[in-house]
Amino acid sequence: MKISILDDYFDTLRTLPCFRKLDGHEVTVWNDHTQDVDTLAARLKDAEAIVLIRERTQIRAPLLERLDALRLISQRSVYPHIDVEACARRGVIVSSDQHAGSPSYAAAELTWGLIIAAMRQIPQQMYALRAGTWQLGVGNSLRGKTLGIYGYGRIGATVAGYGKAFGMKILVWAREASLQRARADGYAGAPSKRAFFETCDVISLHMRLVKETRGIVTRDDLSRMKPTALLVNTSRAPLIEPGALVDALRAGRPGMAAVDVYEEEPLRDPRHPLLEMDNVVCTPHIGYVTRDEYEIQFSDVFDQIVAYGAGKPINVVNPEVFDVLRRRGNAP
């Protein structure tokens, strides 16, 4: 099978043990990023399977219509970047494991790293020291403060555990089923969304980006945060109303932010407002970018390719594609 892997920036995947699962296939790895349809169509014209690294590349109908050889898209996690309906119409199977068995500990660890970095001003202190300044200012401790977990899934629960280990009070706001899980784990649920934003010293977002959660954090929510509070987002930028975080930080509520995700990625504009604010710690969407996490994730992604090659596709998110394939007489 001819397989193309997109956006492997540091040519990491071929160095992983799980890459051996693709032995016997013709694999092409692209290390740069492009969203130009003509360029992608030329690169992928012979590809029977495409491996995506999260949402780095948009796969939409104008591109799919030019990929006659394509039969499978294999990736992991959510897929707002893929036109799933167009894939089904074209007879392209989309396989995406939702990693229900375990959280991304890498993302949870980065979240906690950002919390400490922002509260103790670690990046700012480092840059000041490099510039010849000894101690830039006074940071904030975490012990005794209230950590708000918005969305109590696998990663949110893990971050809550880190907060508990640091002596923080944990307050959760989520759907009722998630709130029940949080209470069962010994954490308090906020009485209301308003109280959640008004009470917490640190709020960390941990939700999937779906239609119902897009813009779920509003300008009004952010305006209720303390001027000393920290907002952390290692999930997805569109969970926050567009432009609201920058405006809220300029208004002083919350007083700080730590973000790993942006409304447009990759972010290459050094003049982006978040990058120019002294009260913001920014990283380039590296929550899942560790060798250990890559091995876990791409072992699943490559298993999906092996399963397809064996005629037994797994983790198919567009099962209606099989009707199309049956009508064409080439169903697996």
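**View 1. Helix H10 and the elements that cover its buried residues.** In this predicted model, the cover over the buried residues of H10 includes helix H9 (219-223), S10, strand S11 (256-259) and strand S12 (280-282). The buried residues of H10 include Ala244, Leu245 and Val246, and Ala248 and Leu249 are likewise buried. Just after H10, Gly252 adopts a positive phi of about 95°.

**View 2. Thr234 in the loop between S10 and H10.** The loop that holds Thr234 runs between strand S10 (230-233) and helix H10 (244-251). Thr234 counts as buried because its relative accessibility is 10%, and the cut-off for this class is under 20%. The side chains of Thr234 and Thr111 are joined by a polar contact of 2.7 Å. Leaving aside residues up to four places away in sequence, Thr234 touches Ala107, Thr111, Leu114, Leu205, His206, Asp260 and Val261.

**View 3. The open five-stranded sheet.** Five strands in the order S2-S1-S3-S4-S5 make up an open sheet with parallel pairing. Strand S2 (26-29) and strand S5 (93-97) are its edge strands, each pairing on one side only. On average, and with direction ignored, neighbouring strands of this sheet are turned by 20° against each other.

**View 4. Pairing of strands S1 and S2.** Strand S1 (residues 2-5) pairs with S2 in the parallel sense, over four bridges. Lys2 has Glu26 of S2 as its bridge partner.

Conventions
Residues numbered from 1 in each chain as written. Predicted model: local features only at pLDDT ≥ 70, side-chain atom pairs only at ≥ 80, totals over all residues. Heavy atoms only, no water. Helix = DSSP H or I, 4+ residues; strand = E, 2+ residues; numbered from the N terminus. Buried < 20%, exposed > 50% of the residue type's maximum accessible area, 1.4 Å probe, protein only. Polar contact = N/O pair within 3.5 Å; in protein donor to acceptor, adjacent residues only side chain to side chain. Contact = heavy atoms within 4.5 Å. Pairing = 2+ DSSP bridges. Axes fitted to C-alpha atoms, helices over the stretch in contact; angles between N-to-C directions.
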